[in-house]
Amino acid sequence: MGDKRLEQLLLTVQKPGRYSGGEINSVIKDKSAVDVRFAFCFPDTYEVGMSHLGMKILYSLFNEREDIWCERVFAPWIDFEKVMRENNIPLFALESRDSIKDFDFIGFTLQYELSYTNVINMLDLAKLPLKASERHSISPIVVAGGPCTCNAEPLADFVDIFFLGEGEQSDLEVIDLYKKFKANGGTKEQFLYEASKIEGVYVPSLYDISYNIDGTVKSITAKGDAPKTIRKRIETDLDNTYYPDKFVVPYIEIVHDRAVQEIFRGCIRGCRFCQAGYIYRPVREKSADTVNRQAKAICESTGYDEISLSSLSTSDYTEIEPMLEEMLSWTEKQGVSLSLPSLRIDNFSPELLQKINHVKKSGLTFAPEAGTQRLRDVINKNITEEEILNTCKTAFEGGYTAVKLYFMMGLPTETDEDIKGIADLAQKIVDTYYALPSKPKGKAVNVSISVSNFVPKPFTPFQFHPQITREEIIRKQQYLKECIKSRKITFNYHENKTSFLEGVFARGDRKLGEVLVSAFKKGCRFDGWDECFDLEKWLCAFSECGINPEFYANRERSYEEILPWEHLDYGVTKKFLICQNELAKKGETTPNCRQKCASCGANIFGKGVCFEKR
Amino acid sequence: MKFVSHLDMNRFMIRTVRKAKLPIWYTEGFNPHPYITFALPLSLGFQSSYEIMDIRLTDDNYDINGICEKLNAVCPEYIEFFDACEPILKTRAVAFAHYNITFDDNKKILSLFLEFLNKESITVSKKTKKGDIKQFDILPKIKDLDIKEKNGNTHLSLTLPAGSTDNVNPELLITAFYEQTNTDYYCYSVERDLILDENLKPFR
C-alpha cells in the first residue's frame, strides 16, 4: 500500500489525525540502525491512549536507547477498521507506517477489562495468529503490562509475557535478553523460559491450571523450575526514576490535552474497594524539587498552557503546600494553569483552595463513595459527613456553585438505607448552600451525583464478594431516583450491562479466553463505548462456550478457594486482605499508612511510606 | 500536515507561539486565550505553501524581524515561517486562492479532463451552511486555468474565489469530474499556494 493511497483512504474516515502520525516530539529513527522494534499498543482510540501517562513514560524511555525504536499503535475506530479490512491494510505503527507484524515486540497496556476484545482485534488486524502457542517464531513477542495484569488470566492464551507492576526496569531487561537470543539464535520457548527468571515477568504458558468440577481453580503448577510465585516489580526511588522531558503533542484534541506531572505512586488510604490503592503499594513520592523541575521541562517542550498533577490522591502529597507555592511562582508568569485532580475532602484546606483559585476555576469534585457513615466505614473511606459538608461550605464561600459527587452502588453490606443516604447527603449539601448568608445572589446551586456500579477486583479486601446482579442494580438506581426530591440535584448513573461484563473479566480465569475469541468473531469491539457495546453478542458467546458469566461476577468466594491470581505476588498478602474484609463486615476502619502501619505486606519492597519516620 | 484541521492548526499555533516565548496578547474574556487567527482556513486534506496568520503582541516595540527565526526554531521542518510584518489588509479583503492539483495517473486523465473543461457548463453541488444543497455552474468562477503533464502525471492549476463572501472549493470540480465522466479513480493531492486579494495580488 502506497502512502498516497493510504492518505486518500484516511480522508474518508472520521478524524484521520488519529492514524497519520507526524506529531511534534514523535520519534523517527532509521530502522536499519536499530536492533529492536517495539510496537506500543494502546487497545483503545488514539484520543484515549494518547492521554495515558504510562505510555508516554515508556515510549520515551525506550526511545532514549539508540538500539530500540518504540512506535505507537492505537485501536482503529470502527470506520477505519472497515477500510483497513476492505483494502487489506495490516495494522501499522504511526511513526513508520510499517506493519507491526514484523516488529520484535508488540506490547499492550491493559488499563481496563473492557479493552480485551480490542487486544484480540488488533492482533487479528496485524495478521498474527491470536494464540501465543500458534506463534512459533521468536518474533514478534507479544507482551502486556498495566494494572489488569494483576489478573489478566482471560488473556493468558494470547500473550507471551505479562509484566507485573512498574515496567521501567523489567521491560528493558526482557528486551536485552531478547537481543542476546536474537544474536545467538534460540527458540521462543527457551527465551520465554529465561525471561521468566526476571523479577516482575510472568510467562503464562509456564503455568498449568487445573480446575475442580464446580469450575473453581484446583491448582496452579509452575512448569520446570519457573518461579512458583511471581512478584511485581516497582521503582524504589522516584527521584531517580526516568521521567520524560518531552511528550508527543497531538494535533487533534485528545481526552486529557495537557501536560501531566506525576507526583507519587501508590496511595496511603486503603479504601477497600479500590484496586489501585492496593496494587500500587507502597507509596513513593517524588521530591518537590523533582516535581518542579520535571513539570517545567514538560511545559517548555510541549507549549501546553495547562499542567495536571497526577497521583491517586493529590492532597496526600506530604509537602503539598510548599510544592504548590513553588509551582505557582513560575506557572502564573508563564500563563500555565494548574489542575489538581484527586483531592480528598478531609485535607482540603482553605489555603489550598485559595491557591487553586489563583488559576483557572473548574468545578469541584468529591468522592464520598457511599451515602451513609456506616457504609463509608465498611469501605474504609475515612471521611465523615461533617467533613463533607464543611468542605462544601468552604467551597461555596469561595464562590463555587457546582459540586460533583461520586458514589458507588452495590457495595458489600449495602442496604436501601445506604442508597437513600446518597440522596440525603446531596440534599444536605443543597441545604448548606441555601443556609449560607454569603451565597452569591441570584445563582442556583447544582449538586451532581454520579453513581457507578461497584465491581469487585482482585487484590482488594472485597475480592471475595459477589457483584450484585444487573436486576438489583436497576432496582437500586430506580429507588435512588425516587429518593431525590430536589431539582438542584442531578443524578447520573452507569449502565449496568458494561459493569456486569467488567465484573466477569476482572476476576476471570483462562477459560474466558475462548469467550473473548467468540465475542470478537461476533463483532465485539470497544466494549467500554456505549455505542459499540452489545451484551446480546456477549451472552451468546458465553453460552456457545458453555460458560456461565454469573459464576465469575455474582458468586461469593470462600477464603480457602484458590483464586486465579493466587500465584501473583503484589506484596499485599491474602491474609491481610481477609483480615480487612472481616473488619469491613464489622464496620471497623483501618488507619492510613502514615498514621499506623497495617502490616499489609508491601514493606517487602524495602522502600516507600513503610519506612518513613512517623 | 494535511490531516490537521483548521481548529487543530489554531491550537498547534498557540502552543508554538508559547514555545517561542513571544509576548502574545491574551483575550480579556472569561477564559483568556492567545489571539491568533488565520486569513483563510485550509480544508482538511489540503496542503499549503502560503498561509497568513495574524497574531497580536503586547509589546508594540517588539523586534518584528526576529519573529520568524524564533518560531522556526520550535517548529517541525515541515512548517516554515518566512515573513512577518505589520498587518496591511483586513482578512475580509481575501478574494481568491490559487491551487495546484496533481493526479497520480500517468497522464491517463489529461485528455479526459481537458474535454470535461471544454463543456458549456459544469454544474457542481455545494452544501450550504444551512445544510441545503446548492447547485451552480463552476466554469465562470475559474480563473488562470492551466492543465498539463508534469513528471508523467496530470497537473491542474487554477484560481477560485475564496474568503467570506464567495468561497469555491476545488474539490467540487474534482468530484464533478469523477461523477460526470466515469473515469477510473486516481489519487490526487491539492496544494494551495497563494491567497489573493480582489486584484489578484498576493494577500498580506
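Residues are numbered from 1 along each chain as its sequence is written, and chains are lettered from A, with ligands numbered from 1, in the order in which they are written. Because the model is predicted, local features need pLDDT of at least 70 and side-chain atom pairs count only at pLDDT 80 or more, while totals for chains, interfaces and linings use all residues.

Chain B contains four helices and nine strands. Helices are DSSP runs of H or I with at least four residues, strands are runs of E with at least two, and both are numbered from the N terminus. Along the sequence the order is α-β-β-β-α-β-α-β-β-β-β-α-β. The C-alpha atoms of chain B fill a box of roughly 55 × 40 × 30 Å along the principal axes. Of its 204 residues, 22% count as buried. A residue is buried if 20 or more other C-beta atoms lie within 10 Å of its own, exposed if 12 or fewer, and partly exposed in between, with C-beta atoms placed from the backbone. Contacts are pairs of residues whose C-beta atoms, placed from the backbone, lie within 7 Å. Among the contacts in chain B with a separation of 6 or more, 68% come from residues 24 or more positions apart.

Chain B is assigned domain 1 (6-73) and domain 2 (91-196). These bounds come from an automatic or database domain assignment. The domain centres, taken over C-alpha atoms, are separated by 30 Å. Domain 1 of chain B gives eleven residues to the contact, and domain 2 of chain B gives 13 residues. On the domain 1 side, six residues are nonpolar, five are polar and none is charged. Here Ala, Val, Leu, Ile, Met, Phe, Trp, Tyr, Cys and Pro count as nonpolar, Asp, Glu, Lys and Arg as charged, and the others, Gly among them, as polar.

Chain B also touches chain A. Twelve residues of chain B are in contact with 16 residues of chain A. The chain B side divides into five nonpolar, two polar and five charged residues.

Two helix pairs in chain A were examined. Axes are lines fitted to C-alpha atoms, for helices over the stretch in contact, and angles run from 0 to 180 degrees between N-to-C directions. Helix α10 (residues 288-302) and helix α11 (residues 320-331) of chain A pack at about 25°, with their axes 9 Å apart. The pair α10(A) and α11(A) is therefore roughly parallel. Angles under 35 degrees count as roughly parallel, over 145 as roughly antiparallel, 65 to 115 as roughly perpendicular and the rest as oblique. The crossing of α10(A) and α11(A) is right-handed. A crossing is right-handed if the near helix is turned clockwise from the far one by less than a right angle, and left-handed if anticlockwise. In α10(A), A:A288, A:V291, A:N292, A:A295 and A:K296 meet A:P322, A:M323, A:E326, A:M327 and A:W330 of α11(A). This contact has seven nonpolar, one polar and two charged residues.

Helix α7 (residues 168-184) and helix α8 (residues 188-195) of chain A have axes that come within 10 Å and cross at roughly 145°. Their crossing is right-handed. A:V174, A:L177, A:Y178 and A:F181 of α7(A) contact A:F191, A:E194 and A:A195 of α8(A). Six of these residues are nonpolar, none is polar and one is charged.

A:I473 lies in helix α16 (residues 470-483) of chain A. A:I473 counts as buried because 23 C-beta neighbours lie inside 10 Å. Leaving out residues up to four places away in sequence, A:I473 touches A:M409, A:G410, A:N453, A:I468, A:N496 and A:S499.

Several backbone features stand out. Most residues other than glycine have a negative phi, and most peptide bonds are trans. The peptide bond from A:S139 to A:P140 is cis, with omega near -5°. A:P140 sits in the loop between α6 (116-125) and β4 (141-145) of chain A. A cis bond also joins A:R281 and A:P282, with omega about -10°. A:F526 has a positive phi, near 40°, and counts as buried because it has 22 C-beta neighbours inside 10 Å. B:N182 has a positive phi of about 55°. With 7 C-beta neighbours inside 10 Å, B:N182 counts as exposed. B:N182 lies in the loop between α4 (170-181) and β9 (188-196) of chain B.

Technical notes
Two residues are in contact if their C-beta atoms, placed from the backbone, lie within 7 Å.
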